[in-house]
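Subject: Handover of a structure and the findings so far

Dear colleague,

Please find below the structure that I am handing over to you.

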Amino acid sequence: MEQLPGGRRPRLVSSLGLGQRSWEVTLDEERGRLSWRDPRPPRRGDEDCFVPTSEIIAVEETELNKKQWNSGKWQKMGKPHAFTVYYVKKARNHRWRCRDVTFWCADEHLCNQWIQALKELLEMQKSRPKQLLVYINPYGGKRQGKRIYEQKVAPLFSLASVSTDVVITEHANHAKDNLFEVNINKYDGVVCVGGDGMFSEVMHGLIGRMQKDSGIDQNNPKAPLVQCNIRIGIIPAGSTDCVCYSTIGISDPVTSALHIIVGDCQPLDVCSVHHNNTFLKYCVSLLGYGFYGDVLKDSEKKRWMGPMRYDYSGFKTFLTHHYYEGTISFQPAKHTLGSPRDKYTCRTGCYICKKSEQQLAQQQKQCGLKHEEEEEWKIIKGKFLAINAVNMSCACPRSPKGLSPAAHLADGSADLILVRKCSRFDFLRYLVRHTNQDDQFDFSFVDVHRVKSFQFTSKLSEDNESNVTDMGKKRFGQFCRDHPACCCNIANSTWNCDGETLESSAIEVRVHCQLVKLFARGIEETCIDEAAYSQSSVEQLL
């Protein structure tokens, strides 16, 4: 063990066997990495190999077979002692894989020293989970959740010495109800195996349990909710897996399992949705009225079609071209640094999220929630084909940029997208831009605002229900479609709340900054230089 000057952490440097050659292997605790290099003069294309100690999964003593050591110079000594290091290997498109490297030496004491040093480093990783509660939805997506967990995820958890209690859900809200009963304090995290619906169920259970234990009334839309300290892990096994894709950059079970093992933590904003002082739902991705609400409502009648029902219902809804008249009232998110139209997408260690959260906390500490209620409200009336509020980009393989490419995961705001009445052709142009690199907000009929709360009312909700507030209380005509001759009576659209329908069309929505935490780290930078995303460059732009 090499002791470094100035009280710095020591380094362990040894010549160890790798393959049939001797390599110089270094464990540098100060820099937090394990590296190995060929001591021979470098040839073109050669490069040192290293892995951050935070991304080492496990270390095990290894028994070598005769073919490995009974050849070359190794046959001149006794049976060598070896150990294997399992680590994260990052591939393209944010994909992670578990790889391993085996080192050996003749000295048993040296081998044990390396194993002990590496295991002590792993023990120092306090953010890593040791006990997990796992919920598996065997019916979601292509009904592959149980197989995916048993074949791809469970072996990795076992390798990393992560203990699990597994619950196979048997009906809707099974996981949510169970989370109100279990001893949640014995777990370091909760893992859901399924799609976005399964994540929503676990999230509702955790948030609800936390508010119940803290004496918070969820029916009060102004109540400050208590943050959930228990992280949620998502093993994607659904149809879209939007939340997983938007928080790590890929929908892949092995990648997600490795993020859980290394103990990543990504805070996430959550919207609460109320009607007449009654709690309806929490939302983390899409809250959509009009087009996306109509698609969901129609697709629910065609579950027998499987995931293809969304394509069918989407095409059918596009052809009907319904629009709805109403009033949207919102509070701009003045505490945030970014804008929905800027080019700074949310990435690992996002400066905008950190700074916005700090400014929001400072505002609330100085002024309190009463001042927040008195802040300026903006009111927009009109005829809308779609009203969408998103807490994240809502990216997925079909729409790599999502509904709002610059939306941030943890800045305490949502992007409110208003698509006004337009022709079918113009609306098609807008939808197509979700699949390419063009600016999807660059239309005269599309408005986007970064907000911290909003309310919506329509004519039918004013006729049949009490208003959410007195703001913007007017009577509006309801139009069926873009056909003047049509006189049929169309009901309100449905709110699509993370893939589930809401009963009421008149709602009140509030963003809760960093209410939950995920086993994720945000989408990592790839092609562009991270320096370009520094604090100074962001502030200069804004």
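In which loop is the place of Arg-521? Arg-521 sits in the loop between strand E21 (507-518) and helix H13 (535-541). Helices (H or I, at least four residues) and strands (E, at least two) are DSSP runs, numbered from the N terminus.

Before going further, please note that this is a predicted model, in which local features need pLDDT of at least 70 and side-chain atom pairs count only at pLDDT 80 or more, while totals for chains, interfaces and linings use all residues. Residues are numbered from 1 along each chain as its sequence is written, and side-chain values use heavy atoms, with hydrogens and water left out.

**Arg-521**

Arg-521 counts as buried because its relative accessibility is 15%; buried means under 20% relative accessible area, exposed over 50%, and partly exposed in between (1.4 Å probe, protein chains only). Its side chain is joined to that of Glu-55 by a polar contact of 3.2 Å. A polar contact is a pair of N or O atoms within 3.5 Å; within protein, one must be able to donate a hydrogen and the other to accept it, and residues adjacent in sequence count only if both atoms are side-chain atoms. Leaving aside neighbours within four places in sequence, the residues in contact with Arg-521 (heavy atoms within 4.5 Å) include Glu-55, Lys-90, Trp-96, Asp-264 and Gly-349.

**Helix H2**

Helix H2 covers residues 108-123, and its 16 residues should span 22 Å at 1.5 Å a residue; the end C-alpha atoms are 22 Å apart, which agrees. The expected span is 1.5 Å times one less than the number of residues. Its N-terminal end is capped by Asp-107, with a side-chain oxygen 2.9 Å from the backbone nitrogen of His-109.

Which residues of H2 are buried? They are Leu-110, Cys-111, Trp-114, Ile-115, Ala-117, Leu-118, Leu-121 and Leu-122. Seen down the axis of H2, these buried residues fall within an arc of 160 degrees, so they line one face of the helix; the arc is that of the directions from the helix axis to the C-beta atoms. Exposed residues His-109 and Gln-116 are carried on the face turned away from the buried side. Among the elements that cover the buried residues of H2 are strand E1 (11-18), strand E6 (81-90) and strand E7 (96-105).

**Helix H9**

Helix H9 (residues 308-320) can be described in the same order. At 1.5 Å a residue, its 13 residues should span 18 Å, and its end C-alpha atoms are 19 Å apart, which agrees. Arg-309, Ser-313, Gly-314, Thr-317 and Phe-318 are its buried residues. Down the axis of H9 they fall within an arc of 160 degrees, so they line one face of the helix. That buried side packs against helix H8 (291-299) and helix H11 (424-432), whereas the face turned away from it carries the exposed residues Met-308 and Phe-315. Just after H9, His-321 takes a positive phi of about 60 degrees.

**Nonpolar cores**

In soluble globular proteins, nonpolar side chains tend to be buried together. A nonpolar core is a set of buried Ala, Val, Leu, Ile, Met, Phe, Trp, Tyr and Cys residues joined through side-chain atoms within 4.5 Å. In the largest one, of 65 residues, those touching the most other members are Tyr-135, Leu-179, Phe-199, Met-203, Val-419, Phe-427 and Tyr-430. Helix H5 (residues 196-214) gives the most to this core, with six residues. Apart from it lies another core of 27 residues, among them Tyr-86, Val-134, Val-162 and Ala-257.

**Cysteines and Glu-500**

How many disulfides does the structure hold? The number is zero, a disulfide being a pair of cysteine sulfur atoms within 2.5 Å. The sulfur of Cys-283 is 4.3 Å from the closest cysteine sulfur, in Cys-497, which is too far for a bond. Cys-283 is buried, with a relative accessible area of 1%.

Glu-500 lies in strand E20 (residues 500-501) and counts as partly exposed at 29% relative accessibility. Its side chain makes a polar contact of 2.6 Å with the side chain of Lys-281. The C-alpha atoms of Glu-500 and Ser-200 are separated by 9.5 Å, although these residues are 300 residues apart along the chain.

With kind regards
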